[in-house]
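Here's a quick tour of a protein model, starting with the whole chain and ending on a single residue. Have a look at the structure first.

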Amino acid sequence: MHEEIFGQLSLEDMYIKQAFDFYRSCLLGSDNKRLITSSLTTIPTELQSHSYMGICDRTLGLQIPNGRTLEGGAIRGQLQHCGLLTAKGGELFRGCVVFPERDEFGHFVSAVGYRYGRVRSWQPAIIRWHKPELGQFVLDGMKLVKEISYAKAYH
């Protein structure tokens, strides 16, 4: 039994859960933010009663240790790998009300975010995130290496 549970856990899953827990606590800890989310007309009605709704107010990065530390670098690296942090360290869902979805094991596998406030012309109003499949990062890297080596061999 314990082997099954520990076999399903990964650091990336724990960091993803902590990020969505933080977004949820940001929403639950502020009456003003709850008022913002309830007044948004862009959010579909079926999501208004979502059980794990949160809000990204760009403060997650302040809670994570500095990227120059061992712990901070590991956390930020994992969150960048899965796509919740951008390459520059910004949050993917910045300025969004976030609705994560879980799989049958309780792991977060996808989320959708609806921007609140001003949406600039270059920003999408809706952000979608899917957790990368296991090994996809390695497969993408190998594909790139093959393309580069083929291009060098060809020319």
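In this predicted model, residues 24 or more positions apart make up 54% of the chain's contacts with a separation of 6 or more. The chain has six helices and four strands, and going along the sequence they come in the order α-α-α-β-α-α-β-β-β-α. Of its 155 residues, 34% count as buried.

Arginine 115 is buried, yet it has no salt bridge. How far away is the nearest side chain of opposite charge? That would be glutamate 91, at 10 Å.

What does the side chain of arginine 115 reach instead? Two backbone oxygens turn up, one from arginine 94 and one from proline 124:

| Side chain | Backbone oxygen | Distance |
|---|---|---|
| Arginine 115 | Arginine 94 | 2.7 Å |
| Arginine 115 | Proline 124 | 2.8 Å |

Both of those partners also show up among the residues that arginine 115 touches. Leaving aside residues up to four places away in sequence, that list runs Thr42, Arg94, Gly95, Cys96, Gln123, Pro124, Ala125 and Ile127.

Terms used: Residues are numbered from 1 along each chain as its sequence is written. This is a predicted model: local features need pLDDT of at least 70, side-chain atom pairs count only at pLDDT 80 or more; totals for chains, interfaces and linings use all residues. Side-chain values use heavy atoms; hydrogens and water are left out. Buried means under 20% relative accessible area, exposed over 50%, partly exposed in between (1.4 Å probe, protein chains only). Lys and Arg count as positive and Asp and Glu as negative; His and the chain ends are not counted. A salt bridge is a side-chain nitrogen of Lys or Arg within 4 Å of a carboxyl oxygen of Asp or Glu. A polar contact is a pair of N or O atoms within 3.5 Å; within protein, one must be able to donate a hydrogen and the other to accept it, and residues adjacent in sequence count only if both atoms are side-chain atoms. Contact means heavy atoms within 4.5 Å. Helices (H or I, at least four residues) and strands (E, at least two) are DSSP runs, numbered from the N terminus.
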